[in-house]
Amino acid sequence: MIVDNHGRVLDYVRLAVTDRCNLRCFYCMPEEGIDYLPKKQLLTYEEMERMLQVLAGMGIRKVRITGGEPFLRKDLLAFLWRIKAIPGIEEIHITTNGVLTAPLIPELKKLGIKSVNLSLDSLDRERFFKITRRDELDRVMATFYALLQHDIPVKINAVVMEGQNTEDIIPLAQLTEKYPVSVRFIEEMPFNGGANNHPSLTWNYLRILDELQEIYPGITKAANAPNATAEHFSIPGHVGNIGIIAAYTRTFCGTCNRIRVTAQGGLKTCLYGDDVLNIRDLLRADTSDDSLKAAFLQAFGNRAKDGFEAEDHRRFLLPVFQSMSTIGG
Ligand code: SAM
Ligand code: SF4
């Protein structure tokens with residue numbers, strides 16, 4: 001079991017398998033995209049597998065595959081089968097924009113993927129286009145329905161942004177009436193690859209909740225899973241539920257059980273902090289498993305207590321020029 005210097009158990013890694021993306025969500029990257037890393041700077045599947053074997057041996061149980069758009073990485077499914085075979089890894093989850101995902105869902109089902117987070121900020125074609133700069137709503141919706149059809153638990157992630165998609169809050173919430181999905185509204189964070197200055201947050205979790213309460217006065221707080229980043233709510237008569245993630249207000253750091261590995265093998269022990277270890281260099285220097293473990297333990301024993309402390313310790317202050325596409329969300 002891994003326990004950090006604040007007594008929090010770490011059992012969850014989020015792994016960005018690529019920094020490439022087929023959308024250009026304006027809160028994540030500029031219209032022209034980001035400068036993608038040269039391929040040789042990305043971790044190879046063999047390197048990721050070895051890293052996961054070491055982490056699983058230490059106590060990591062849950063893996064989330066993210067990116068960039070993970071399904072842009074060639075042969076991802078074969079890699080997922082390899083992760084599934086790693087002793088100690090109990091759950092694989094995926095975060096995707098859903099553009100390329102629908103045809104792969106039968107195999108994701110066979111793989112036993114525990115849940116898929118589908119990013120969907122708008123149900124309106126024009127607003128979807130304005131936000132993602134691509135006309136791909138139909139393919140994303142096809143993924144949504146295919147996930148439901150194959151009974152893979154789905155969570156919808158919607159970043160709420162002033163002047164962009166606040167009209168979508170209620171239509172998205174309405175999906176939970178008919179479908180057993182969790183619709184999670186997320187505060188915008190300042191990781192947009194230098195696309196724009198992060199405006200002061202006008203839609204924080206309280207305002208999102210106010211908006212929901214106005215239309216659904218019966219909305220009530222529901223139980224949260226341990227270590228959940230979302231506060232969950234139920235609407236009477238709805239089969240799904242609502243989550244609100246205070247990603248910028250950072251209300252959940254006290255129970256944070258997660259670490260992140262960026263596409264180039266940087267270890268982040270907090271989303272708001274700098275990379276604290278270059279795993280790729282260690283792997284490429286033929287470091288032994290014991291030395292890798294020691295390096296991980298050193299990093300896990302020095303975690304910031306919360307996202308504000310991590311932010312204070314950054315070499316460059318926020319807003320940063322980093323894109324969420326390299327960090328993985
Ligand atoms: N491309 C995949 C997708 O969009 O689902 C996976 C990677 S994406 C970086 C992971 C999550 O981060 C998405 O749900 C996305 O909405 C979220 N995200 C990206 N930039 C964000 C920002 N600036 N603030 C809040 N959430 C952000
Ligand atoms: Fe791509 Fe996901 Fe970033 Fe949108 S949020 S640009 S889909 S990586």
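1. Start with ligand 2. Its surroundings are Cys21, Leu23, Cys25, Cys28, Met29, Gly68, Asn97 and Ser325. By class, this shell holds five nonpolar residues, three polar ones and no charged ones. Bear in mind throughout that this is a predicted model.

2. Ligand 1 has 19 residues around it. The nearest are Tyr27, Gly68, Thr96, Ser119 and Met189. Gly68 is also listed in the shell of ligand 2. The shell around ligand 1 splits into six nonpolar, 10 polar and three charged residues.

3. An oxygen atom of ligand 1 lies 2.5 Å from a side-chain N or O atom of Ser119. An oxygen atom of ligand 1 also lies 3.2 Å from a polar backbone atom of Thr96. On the nitrogen side, a nitrogen atom of ligand 1 is 3.4 Å from a polar atom in the side chain of Glu69. Ligand 1 on its own has 540 Å² of accessible area, and the protein covers 95% of it. Strand E5 (91–96) and strand E7 (154–160) are the elements that each give two or more residues to this shell.

4. Now the sheet. It is open and has 12 strands, with mixed pairing. The order is E9-E10-E11-E8-E7-E6-E5-E4-E3-E12-E13-E14. Strand E9 (220–221) and strand E14 (277–278) are at the edges. Each has a single partner strand, so one side of each lacks a neighbour in the sheet.

5. Look next at strand E6, residues 115–119. In the sheet order E6 sits between E7 and E5. Is E6 mostly covered or mostly open? Mostly covered: four of its five residues are buried. E5 and E6 run parallel and are joined by four bridges. Within that pairing, Val116 of E6 stands opposite Ile94. The chain gets from E5 to E6 through helix H3 (residues 105–111), and this β-α-β crossover is right-handed.

6. On the E7 side, E6 is again parallel to its partner, and four bridges join the two strands. Asn117 has Lys155 in E7 as its bridge partner.

7. E9 and strand E10 (residues 230–234) are antiparallel, with two bridges between them. Here Thr220 stands opposite Ser234 in E10.

8. Ile65 belongs to strand E4 (residues 62–66). Buried or exposed? Ile65 counts as buried, because its relative accessibility is 0%. In sequence, Ile65 and Thr18 are 47 residues apart. In space, their C-alpha atoms are 9.7 Å apart.

9. Arg8 sits in the loop between strand E1 (2–3) and strand E2 (9–10). Its relative accessible area is 7%, so Arg8 is buried; the cut-off is under 20%. What does the Arg8 side chain meet? A polar atom of that side chain lies 2.9 Å from the backbone oxygen of Ala304.

Definitions and conventions:
Residues are numbered from 1 along each chain as its sequence is written. Chains are lettered from A and ligands numbered from 1 in the order in which they are written. This is a predicted model: local features need pLDDT of at least 70, side-chain atom pairs count only at pLDDT 80 or more; totals for chains, interfaces and linings use all residues. Side-chain values use heavy atoms; hydrogens and water are left out. A residue is near a molecule or strand if one of its heavy atoms lies within 4 Å of it. A polar contact is a pair of N or O atoms within 3.5 Å; within protein, one must be able to donate a hydrogen and the other to accept it, and residues adjacent in sequence count only if both atoms are side-chain atoms. Accessible areas come from the Shrake-Rupley method with a 1.4 Å probe; for residues, only the protein chains shown count as cover. Ala, Val, Leu, Ile, Met, Phe, Trp, Tyr, Cys and Pro count as nonpolar, Asp, Glu, Lys and Arg as charged, and the others, Gly among them, as polar. Buried means under 20% relative accessible area, exposed over 50%, partly exposed in between (1.4 Å probe, protein chains only). Two strands pair if DSSP finds at least two bridges between them. A crossover is right-handed if, with the strands pointing away from the viewer, the path from the first strand over the helix to the second runs clockwise.
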